[in-house]
Protein chains: 2
Amino acid sequence: MRLILVAGTTRTARIDGISAAGADPTLRVHTPSVDAELLAYGAPVPVPGGPDERPVPVSPTGCPTPAAVARAARERAGFDLTVLDAGLAAPTAAPTVDLDAAPGRDIRESVAVPDAGDIERRARAYGRALPDGEVVVGETVPGGTTTALGVLRALGRDLPVSSSLPTNPLARKRRAVETGLDASDLAPGGAADDPVGALEAVGDPVLAAVLGLIRGATASGTRVVLGGGTQLLAAAALARAAGVERSLDLATTRYLAADVPLREAAATLDLDPVVTDPALERAGAPLDRYAAGEAKEGAGMGGALALAARADVVDELPAATRDVLDRLGEPGGGNPGGAETGGGEADDGP
Amino acid sequence: MRLILVAGTTRTARIDGISAAGADPTLRVHTPSVDAELLAYGAPVPVPGGPDERPVPVSPTGCPTPAAVARAARERAGFDLTVLDAGLAAPTAAPTVDLDAAPGRDIRESVAVPDAGDIERRARAYGRALPDGEVVVGETVPGGTTTALGVLRALGRDLPVSSSLPTNPLARKRRAVETGLDASDLAPGGAADDPVGALEAVGDPVLAAVLGLIRGATASGTRVVLGGGTQLLAAAALARAAGVERSLDLATTRYLAADVPLREAAATLDLDPVVTDPALERAGAPLDRYAAGEAKEGAGMGGALALAARADVVDELPAATRDVLDRLGEPGGGNPGGAETGGGEADDGP
């Protein structure tokens with residue numbers, strides 16, 4: 001089984017208070033690149049020409065990136081990984097398939113993703129060519145729940161939007177989206193039949209790539225499991241708007257399902273929900289913050305958990321995730337000698 | 001466990017009669033890109049903007065690429081894969097770590113790899129940063145045994161050079177190397193203390209990257225298994241010339257070991273040889289050609305076999321490799337309805 005992690009950036013993440021995926025905008029730019037390395041290698045890997053040390057992404061309160069949980073699931077379940085570079089703004093040492101996508105612009109500009117059509121086409125060709133019978137698709141893009149809200153509004157879909165923050169800054173997100181729709185001369189629902197138009201106006205390059213992947217993979221008979229929360233719901237809405245009729249799974253975490261009315265949203269989009277509980281409260285601090293409603297999802301975590309469930313190793317994940325953190329010497333990870341302070345977070349969320 | 005496949009090209013492969021790694025120069029350019037896809041996905045994956053169909057590399061007589069055997073080992077043993085792009089000349093759909101290396105020039109020119117020093121440094125930094133306790137390093141570069149011979153001559157090492165061809169075109173290789181040394185104003189042994197100089201003069205970008213990997217990985221305590229034949233012997237000679245003193249394993253196939261005095265060569269370079277027999281004569285045509293002395297090695301095959309041996313699945317490889325070919329509909333692969341004619345071969349060899 002293959003997890004495809006679509007990794008990219010949007011300048012929307014720079015809007016004040018909108019994203020917890022990094023302590024400051026500088027660190028936030030590295031979050032998806034480091035998430036990809038965590039999944040590929042189990043640790044951040046310094047990039048030639050880049051900074052020597054990049055912290056493991058954690059939320060401002062110290063909740064480690066969902067990529068650590070996904071990595072633990074990968075180590076125990078043994079699934080394959082492919083990272084798509086859909087607009088990374090900082091180099092990554094992870095092996096990537098390059099979609100030649102530029103980082104996304106701030107959605108408050110008139111055009112957020114000028115190359116959305118090209119990205120979607122390239123990802124569609126790639127998805128169609130994959131020989132796999134089934135793939136799991138996840139994402140990592142700071143600011144991604146705001147662009148997801150933008151796309152849902154442009155499509156005219158009233159669906160819930162979660163957050164990696166304990167308190168969802170929904171008013172800020174809505175303001176950014178309304179500003180973006182205005183700047184794009186688009187009314188809510190105005191792109192109901194034009195998913196690429198919605199992406200160009202108020203989306204991000206990762207969503208464009210996920211849409212292409214879904215279209216291409218399903219067209220060639222590959223089953224698609226969407227592994228994530230809010231952003232994958234938006235991707236599913238884009239796919240339905242693009243005429244994709246095949247059934248799709250949505251694999252997510254208990255934490256995300258506790259935050260939003262997931263089953264209703266899934267039913268609206270004809271998705272089969274799969275919810276997995278990694279029981280991270282059993283992993284002690286700082287991983288118990290997941291159970292307190294932080295982070296919730298991202299970096300393919302829900303998809304990785306579904307694969308762990310199929311391999312019957314979910315019970316091992318609290319200890320396995322702790323192992324991953326211990327090796328990294330993260331705060332609270334049980335390696336006091338090598339503790340370092342993280343600064344980002346995996347994802348603006350679920 | 002991780003197999004690192006270093007993939008690239010050299011124009012040396014265009015010398016008439018020197019490489020079997022492709023039926024003609026046009027196909028040969030695609031061989032390492034397709035080998036990487038085979039290992040990553042189990043099938044060639046069309047690249048956006050590239051040709052729709054790229055044949056699975058086979059030798060002129062129809063012996064399938066060693067990448068198919070390595071893929072079978074990967075499917076059964078479940079090891080991780082990272083592809084380094086060290087001078088690919090055709091796009092690949094495989095995820096890659098890009099070393100920003102240009103394709104190598106013909107070694108008969110005055111300079112074969114102008115960026116050898118940069119490639120070696122980047123690969124060294126990457127190898128040093130890897131968190132793995134042990135890695136297996138393989139290569140795919142058509143024309144690679146000729147550049148390996150060039151490097152060995154420049155270093156003053158009298159070591160055996162194998163071939164993927166049933167009859168080794170050794171006289172042609174030697175002529176190309178002598179022309180290259182002359183053009184570079186280098187006497188045999190003239191670069192004994194200058195491995196990067198040897199690479200610049202008569203090497204290829206893949207060897208430069210493998211040298212860097214060995215140096216970086218061993219410097220940070222990662223054990224290195226060289227998975228291959230002739231080219232990995234040349235890489236080991238480069239590493240010894242660069243002052244690497246750590247013990248290194250050389251994992252190769254019975255077919256390579258039957259062609260050259262491997263144990264003597266390994267002893268000269270202080271390598272621990274590991275020879276694995278995948279018993280492909282039991283796999284029927286066309287895979288039985290391996291037992292007849294074709295192909296022999298390449299695309300990390302020897303390293304993949306060593307990992308299969310550790311996982312105790314070598315017995316499964318004749319059937320597993322046949323499965324890989326069946327899925328591809330290769331000639332002789334048991335899928336008469338979907339047969340297609342391949343045109344290249346994985347590697348100029350062992």
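A polar contact is taken here as a pair of N or O atoms within 3.5 Å, one able to donate a hydrogen and the other to accept it. Applied to this predicted model, the rule finds 7 residue pairs in polar contact across the interface of chain B and chain A, both residues of each pair being at pLDDT 80 or more. On the side of chain B that touches chain A, at least two residues each come from α1 (25–41), β2 (80–85), β3 (96–98) and α3 (116–129) of chain B. The top contributor to this side is α3(B), with 4 residues. Sorted by class, the side of chain B that touches chain A holds 15 nonpolar, 2 polar and 4 charged residues.

Interface size comes next. The size of an interface is often given as the accessible area lost when the parts come together. Between chain B and chain A the buried area is about 1,600 Å², and carbon and sulfur atoms give 64% of that area. In terms of residues, 21 of chain B are in contact with 21 of chain A.

Charged pairs also bridge the two chains. Side chains of opposite charge can pair when their charged atoms come close. Between chain B and chain A there are 2 salt bridges. In one salt bridge, Asp80(A) pairs with Arg74(B), and their closest N and O atoms are 3.0 Å apart. Both residues belong to a network of salt bridges that links Arg2(A), Asp80(A), Asp132(A) and Arg74(B).

Over all chains, the search of the whole structure finds 38 salt bridges. Within chain B, Asp80(B) forms a salt bridge with Arg2(B), with the closest N and O atoms 3.7 Å apart. This pair links distant parts of the chain, since Asp80(B) sits in strand β2 of chain B and Arg2(B) in strand β1 (residues 2–7), 78 residues apart. Asp80(B) and Arg2(B) are both buried.

A second salt bridge in chain B joins Arg76(B) to Asp323(B), their closest N and O atoms being 3.1 Å apart. Because Arg76(B) belongs to helix α2 (residues 66–77) and Asp323(B) to helix α12 (residues 317–328) of chain B, the pair ties together parts that are 247 residues apart in sequence. Arg76(B) is partly exposed, with a relative accessible area of 34%, and Asp323(B) is likewise partly exposed, at 34% relative accessibility.

In chain A, a salt bridge is found between Arg124(A) and Glu120(A), where the closest N and O atoms are 2.7 Å apart. The two residues are 4 apart in helix α3 (residues 116–129) of chain A, so about one helical turn separates Arg124(A) from Glu120(A). With a relative accessible area of 2%, Glu120(A) is buried.

Asp249(B) counts as buried because its relative accessible area is 11%, below the 20% cut-off. The side chains of Asp249(B) and Arg223(B) are joined by a polar contact of 3.0 Å. Leaving aside residues up to four places away in sequence, Asp249(B) touches Arg223(B), Val224(B), Val225(B), Leu226(B) and Asp272(B).

Turning to cysteines, the count of disulfides over all chains is 0. Cys63(A) is buried, at 1% relative accessibility, and Cys63(B) is buried too, at 0%.

Note on methods
Residues are numbered from 1 along each chain as its sequence is written. Chains are lettered from A and ligands numbered from 1 in the order in which they are written. This is a predicted model: local features need pLDDT of at least 70, side-chain atom pairs count only at pLDDT 80 or more; totals for chains, interfaces and linings use all residues. Side-chain values use heavy atoms; hydrogens and water are left out. Buried means under 20% relative accessible area, exposed over 50%, partly exposed in between (1.4 Å probe, protein chains only). Contact means heavy atoms within 4.5 Å. A disulfide is a pair of cysteine sulfur atoms within 2.5 Å. Buried area is the accessible area (1.4 Å probe) that two parts lose on being put together, summed over both. A salt bridge is a side-chain nitrogen of Lys or Arg within 4 Å of a carboxyl oxygen of Asp or Glu. Ala, Val, Leu, Ile, Met, Phe, Trp, Tyr, Cys and Pro count as nonpolar, Asp, Glu, Lys and Arg as charged, and the others, Gly among them, as polar.
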